[in-house]
Amino acid sequence: MAPLDGWCTSLDEVPDEVFAGRMLGDGLAIDPTNGIVCAPCDGQIVTLPNSGHAVSIRGAQGIEVLIHIGIDTVQLAGRGFEARVKPGAQVRAGEELIRFDLNRVARAAKSLITPVVVTLDGAVLNSRRGSGPVKAGELLFEIGDTPPQSPAPSKEPQPAAAAGPPQHAITVTLPQGLHARPAALLARRAKAIGVPIILSAHGRESDARSVVGIMALGVRNGDQLLIRSQGCALPDAVAAVVAGLEEAQRLDAAHSPPRAVSTAAPERSNSSARAPKPGEMAGVCAVPGFAVGRAVRIERREIEVTEQGQGGMHEKAELDRARANVKLRLERMRNAGGAERQEIIGAHLEFLDDPVLNESAAEFISQGKSAGFAWRGATRRSISALQALEDSRLRERADDLMDVESHVLLALAGEARPLHLPLPEQAVLLADDLLPSELTALDRRRLAGIALSGGGATSHVAILAAAMEIPMLIGLGAALRGVGEGQSVILDADNGQLNYAPAADTLRQANLLVESRRARRAALRTAAAQECRSRDGTRVEVFANVGSTGDALAGVENGAEGCGLLRTEFLFIDRDTAPSEEEQLTAYQSVANALGGRPLILRMMDVGGDKPLRYLPLPAEPNPALGLRGVRTALSHPELMRTQLRAALRVTPRGITRLLIPMVTDRSEVLEVRQVVEQLARELKLDAPILLGAMIETPAAALTAATLLREVDFLSIGSNDLTQYALAMDRGHAALARRTDALHPAVLQLIAAAGGAGEAAGKLVAVCGGVAADRSAVPILLGLGVRELSVVPAAIPAVKHQIGELTITDCQAIAQRCLDLGSAAEVRSLVEQHIGHAGEDS
Ligand code: PEP
Ligand code: MG
């Protein structure tokens, strides 16, 4: 029986792969409308943790049912929950088990949606309730026979499925089938074998090296996959595929990414929570929230390509150049973005190198077609294969391919951005669908909401919209096209409704509601405008990481006390000539103006290595991450360095700019830069001293921090690179992504070395890598002596709030314990136990 009142829906709607993928078992989910959880059947309480956020009950024939209130609610550590029974208790169906504060938990949790699952593999559920309102005590489902479990992937040879070349069959046991991540892992294994491995399922075939091709097979949990090899022994091919699948299984099981810091937790997550009234249309909530605004329609413009090429060699070179440019830009964006953006761009990078796409483009070129025509032809082939699949998650990946298509076509046409749509204030964007890059090209400050005729709740554009906190409704259907441009609309994503003809009174009420929500957010931001101190009064600066003037403005709006890292590379890459001193000055001055007199820490260009510049004769790097990059490039091109430093030193008001040197390895590099800076300062007749900092990104710099501090005024720890170099794990390596964790004790010891050196020298040590915005890391960093955190603008209010709740003494105690642990996972679990997630629900 339903354990609570609410809206019954499928587990597919749960924003957590563990439940949506049935990894814990089959069942249904309820988006609750009250906070009382009752027993779904007679039985014994098996588990009811102290946190009170979940309960499992064992009923007849030993069948267990788990009720998990909301998503990621374990992190509330019991706040807002009250258990009404104890583990071991015998209860009757309908008896009260847990009470929880609906509003409090809704504010703090990722979602309130509550899965109710039978934790028995293969349990068959009958008489399932459909989507709609449900009351506690009403029938949810019946549990029928339980068939034997499906076998794990087998390495043993299976009989060939058909006559012809020998092949092996294995059964795929991945709860979500061969979706993008397992496809990528499998493709990587197959590429390593070096000869084609052919996979087939459902009468379709693919080269195992192609992520797109594998996804297009449409393999779901329990499906058979046939493996055939061309050029290697069949057992080797089978072993590679099985190894890829096993790795995917492990990763899927461990896939619970650290929570990104969010400034405002969504109020509710729901889908079409009530029937539409006249003048409304119903959709599905992809990002919760509420917005009022004017409808603005975007139509995707097809990028024009000519069909005929100018010779195979020329077109191939053009396509290679465009792909290389897009790759560079995407890699920069990935490295600079938040977790969501990183994952999405990582997928796009895979597509860019996909052998099936590239072979198919080469085929078009060999038929005399242009690079653009060939690339579009190749992507469209794969897109139609994906769109034909039943699995909605795989169909949604077609949008990503479309995005990669437009990136490359635009690069061929010499343009960088896919869309320049001037938005009015409070725009509610209406479209058939939207690509991730189209969304990120829009002015966030003018965008109130998004309504799509199509779209998917798990699409990458929905993930990005959530990160940008833009309410979004999808699946509104063709009727959305009837909404007039400029029409006032109310987008109630919480309730899955778009009101396209609101009465004056309704509109007034809705505006009042928007206003009161805005006031609440503003209160949080106002609090963030205060100078940041720990609970015991230690000053900790919270700065913004910036890559553009827009970022600087967003940083200041969110309470940044300065810019802790201006990534200046954006000015240098993806162009044919170096930026002039004047061009650089204009760009830096614009950021400084946005900061309104706050300090600007300008990092010297971190280029070279994996970011080659077309206008510099840099050698090809066999090991780009270990090659000529950062300050090494600057010192080997003194004119380029001098031009940048001159522009930086001319920024006004004088004295706000501090210079930061990337990828430092030893003192001589710092001395060389200092000499140039001093000479330029004399030329420019600057009398105030220029503050110079060294980035701690190599273990060498961390271990010699005390020596470096004799030459510089501050240190800034680039944890992204420091982690990569300390752990010998490429920071962009998808299969190592979960392990490339800056909370590894080895990385912490390096941070401790830098922090200790800073304290001894009485000089500031900052962190500007991604770890600075990680809730679990903040107490450790403060405990290791860090006194400035530079984070993405949206994370600032939450980071400031968290610091205000911590005492440095507690932070020091916990940090010391972390240094002695054996893995990043142990560190995370220790921090969670001892410090918890205080302040998250505010
Ligand atoms: C870092 O390495 O942590 C850093 C801030 O620099 P980037 O991410 O730009 O390499
Ligand atoms: Mg770096």
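# Questions on a predicted model

Reader: At 0% relative accessibility, does methionine 663 count as buried or exposed?
Author: In this predicted model, methionine 663 lies in the loop between β29 and α18. The residue has a relative accessibility of 0%. Buried means under 20%, so at 0% methionine 663 counts as buried.

Reader: What is the phi of methionine 663?
Author: Methionine 663 is a residue other than glycine, and its phi is positive. The value for methionine 663 is near 60 degrees.

Reader: Which other loop residue has a positive phi, and does it count as buried, partly exposed or exposed?
Author: Glutamine 426, in the loop between α10 (392–412) and β21 (427–431), has a phi near 50 degrees. Its relative accessibility is 30%. Buried requires under 20% and exposed over 50%, so glutamine 426 counts as partly exposed.

Reader: How many helices and strands does the protein chain have, and what share of its residues counts as buried?
Author: The protein chain has 26 helices and 33 strands. Contacts with a separation of 6 or more include 69% between residues 24 or more positions apart. Of the 842 residues, the share that counts as buried is 55%.

Reader: Which residues coordinate the magnesium ion (ligand 2)?
Author: The ion is coordinated at 2.0 to 2.1 Å, through an OE and an OD atom. The pair links distant parts of the chain, 24 residues apart: one residue is in the loop between β30 (692–696) and α19 (699–703), the other in helix α21 (residues 719–727).

Reader: Why is α15 described as oblique to α17?
Author: Two packed helices are described by the angle between their axes and the distance between the axes. Helix α15 (residues 581–595) and helix α17 (residues 638–649) have axes 8 Å apart, at an angle of about 40 degrees. Angles under 35 degrees count as roughly parallel and those from 65 to 115 as roughly perpendicular, so α15 against α17 is oblique.

Reader: Which residues of α17 meet α15?
Author: α15 passes α17 in a right-handed crossing. By class, the contact has four nonpolar, three polar and two charged residues. From α15 come Glu581, Gln584, Leu585 and Tyr588; from α17 come Thr643, Gln644, Arg646, Ala647 and Ala648.

Reader: At what angle do α17 and helix α18 cross?
Author: The axes of α17 and helix α18 (residues 667–683) come within 10 Å. That arrangement makes α17 oblique to α18, and the crossing is right-handed. The angle is roughly 55 degrees.

Reader: How many nonpolar residues are in the contact of α17 with α18?
Author: From α17 the contact takes Met641, Arg642, Leu645, Arg646 and Leu649. Residues of α18 in the contact include Val673, Val676, Val677 and Leu680. By class there are one polar and three charged residues, and the number of nonpolar residues is eight.

Reader: Which peptide bond is cis, with omega near -10 degrees?
Author: Proline 653 is found in the loop between α17 and β29 (657–661). The cis bond is the one from threonine 652 to proline 653.

Reader: How far apart are the C-alpha atoms of glutamate 315 and glycine 372?
Author: Glutamate 315 is in helix α6 (residues 312–336) and, at 6% relative accessibility, counts as buried. Leaving aside neighbours within four places in sequence, its contacts include Ile365, Lys369, Ser370 and Ala371. Glycine 372 is 57 residues away along the chain, and the C-alpha separation is 8.5 Å.

Technical notes
Residues numbered from 1 in each chain as written. Chains lettered and ligands numbered in written order. Predicted model: local features only at pLDDT ≥ 70, side-chain atom pairs only at ≥ 80, totals over all residues. Heavy atoms only, no water. Axes fitted to C-alpha atoms, helices over the stretch in contact; angles between N-to-C directions. Helix = DSSP H or I, 4+ residues; strand = E, 2+ residues; numbered from the N terminus. Parallel < 35°, antiparallel > 145°, perpendicular 65-115°, else oblique. Left-handed = near helix turned anticlockwise from the far one by under 90°. Contact = heavy atoms within 4.5 Å. Nonpolar A, V, L, I, M, F, W, Y, C, P; charged D, E, K, R; others polar. Donors = N, O, S within 2.8 Å, 3.2 Å for Na, K, Ca; no water. Buried < 20%, exposed > 50% of the residue type's maximum accessible area, 1.4 Å probe, protein only.
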